[in-house]
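I opened a new notebook page for this structure. My plan is to go from the overall fold to single residues.

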Amino acid sequence: MKKIEHIGIAVKDIEASNALFEALFGEPEYKTEAVESEGVKTSFFKVGPNKIELLEATKEDSPIAKYVAKKGEGIHHIAFDVEDITAEIARLKEKGFTVLNETPKKGADNKLVAFLHPKGTNGVLVELCQEIS
Ligand SMILES: CC[C@@H](C(=O)O)C(=O)SCCNC(=O)CCNC(=O)[C@H](O)C(C)(C)COP(=O)(O)OP(=O)(O)OC[C@H]1O[C@@H](n2cnc3c(N)ncnc32)[C@H](O)[C@@H]1OP(=O)(O)O
Ligand SMILES: [Co+2]
């Protein structure tokens, strides 16, 4: 894994949270994108070299809707940048991690993504991200 690609924060109202995080960071979001397959609207902020992803659910069975209903708003996942997501999935499976989608799927911001189950990672939902070239 190369670096943290982004930190994902689950929110109830992305418009209100965009204003809040703009006030916090001093810069507005640089991108917004809906990802239908995950049932989310996202927005992205740059903080120096780091990236924050806000996620609001757009449907009831979205992972974000379930998470907010159970735990409330807050840090939902940590995403790591990887060179070769298919190789990384194979390596982590071999190590005994539970990969939630063995076939990488299209995420936001031009990435292929895969997730590890938080039950196998001390309660942290881990996302792997590979830049689509
Ligand atoms: C925008 C695209 C992409 C990007 O490009 O960046 C994204 O970031 S998409 C983000 C949203 N998508 C996902 O999260 C996909 C992966 N997640 C899942 O497949 C599911 O959420 C899950 C992790 C398998 C949980 O689903 P499910 O079992 O249906 O939900 P439960 O509510 O029953 O949870 C079971 C268990 O897991 C705990 N949990 C759930 N989510 C998290 C989390 N984010 N972090 C830590 N723990 C989590 C939940 O609390 C339950 O625990 P117990 O209550 O102790 O059983
Ligand atoms: Co993410």
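**Entry 1: the fold.** I started by counting elements, and the chain has three helices and eight strands. I kept in mind that this is a predicted model. Next I read along the sequence and wrote down the pattern β-α-β-β-β-α-β-α-β-β-β. The radius of gyration came out at 14 Å, close to the 14 Å that the globule rule gives for 133 residues, so the chain is as compact as a globular protein of that length. I also looked up the box that the C-alpha atoms fill, and along the principal axes it is roughly 45 × 30 × 25 Å.

Entry 2: What share of the 133 residues is buried? I found 29%.

**Entry 3: the record.** I checked UniProt, where an unreviewed entry places the feature "domain: VOC" at residues 3-131. I looked at that span in the model. It is 24% helix and 40% strand, and its end C-alpha atoms lie 13 Å apart.

**Entry 4: the sheet.** I reminded myself that strands of a sheet pair through backbone hydrogen bonds, either parallel or antiparallel. In which order do the eight strands lie in the sheet? I read 2-3-4-1-5-8-7-6, in an open sheet with mixed pairing. Strand 2 and strand 6 (105-106) stand at the edges with a single partner strand each, so one side of each has no neighbour in the sheet.

- Strand 1 (residues 3-11) and strand 4 run parallel, joined by five bridges. Here I noted Val11 opposite Glu56 of strand 4.
- Strand 3 and strand 4 pair in the antiparallel sense, over eight bridges. Phe44 stands opposite Glu53 of strand 4.
- Strand 7 and strand 8 (residues 126-131) run antiparallel, with six bridges between them. Leu112 has Gln130 in strand 8 as its bridge partner.

I then went back to the hairpin of strand 3 and strand 4. Two residues lie between these strands, and Gly48 takes a positive phi near 55 degrees in this hairpin.

**Entry 5: ligand 1.** How many residues surround ligand 1? I found 26, and the closest are Pro63, Gly107, Ala108, Pro118 and Leu125. I listed the elements that give two or more residues to this shell: strand 3 (40-47), strand 4 (50-57), helix 2 (63-71), strand 5 (74-81) and strand 7 (111-116). Helix 2 gives the largest share, with five residues. I sorted the shell by type and got 13 nonpolar, seven polar and six charged residues.

**Entry 6: Glu27.** I ended with one residue. Glu27 sits in the loop between helix 1 (14-25) and strand 2 (31-35). Is Glu27 buried or exposed? I looked up its C-beta neighbours inside 10 Å and found 11, so Glu27 counts as exposed. A residue with 12 or fewer falls in that class. Leaving aside its neighbours within four places in sequence, I found Glu27 in contact with Glu22, Phe45 and Lys46. I also checked Leu116, which is 89 residues from Glu27 in sequence. From C-alpha to C-alpha, Glu27 and Leu116 are 31 Å apart.

Key: Residues numbered from 1 in each chain as written. Chains lettered and ligands numbered in written order. Predicted model: local features only at pLDDT ≥ 70, side-chain atom pairs only at ≥ 80, totals over all residues. Helix = DSSP H or I, 4+ residues; strand = E, 2+ residues; numbered from the N terminus. Rg over C-alpha atoms; globule rule 2.2 N^0.38 Å. Buried ≥ 20, exposed ≤ 12 C-beta atoms within 10 Å, placed from the backbone. UniProt positions renumbered as here; feature names shortened; annotations may be inferred. Contact = placed C-beta atoms within 7 Å. Near = placed C-beta within 6 Å. Nonpolar A, V, L, I, M, F, W, Y, C, P; charged D, E, K, R; others polar. Pairing = 2+ DSSP bridges.
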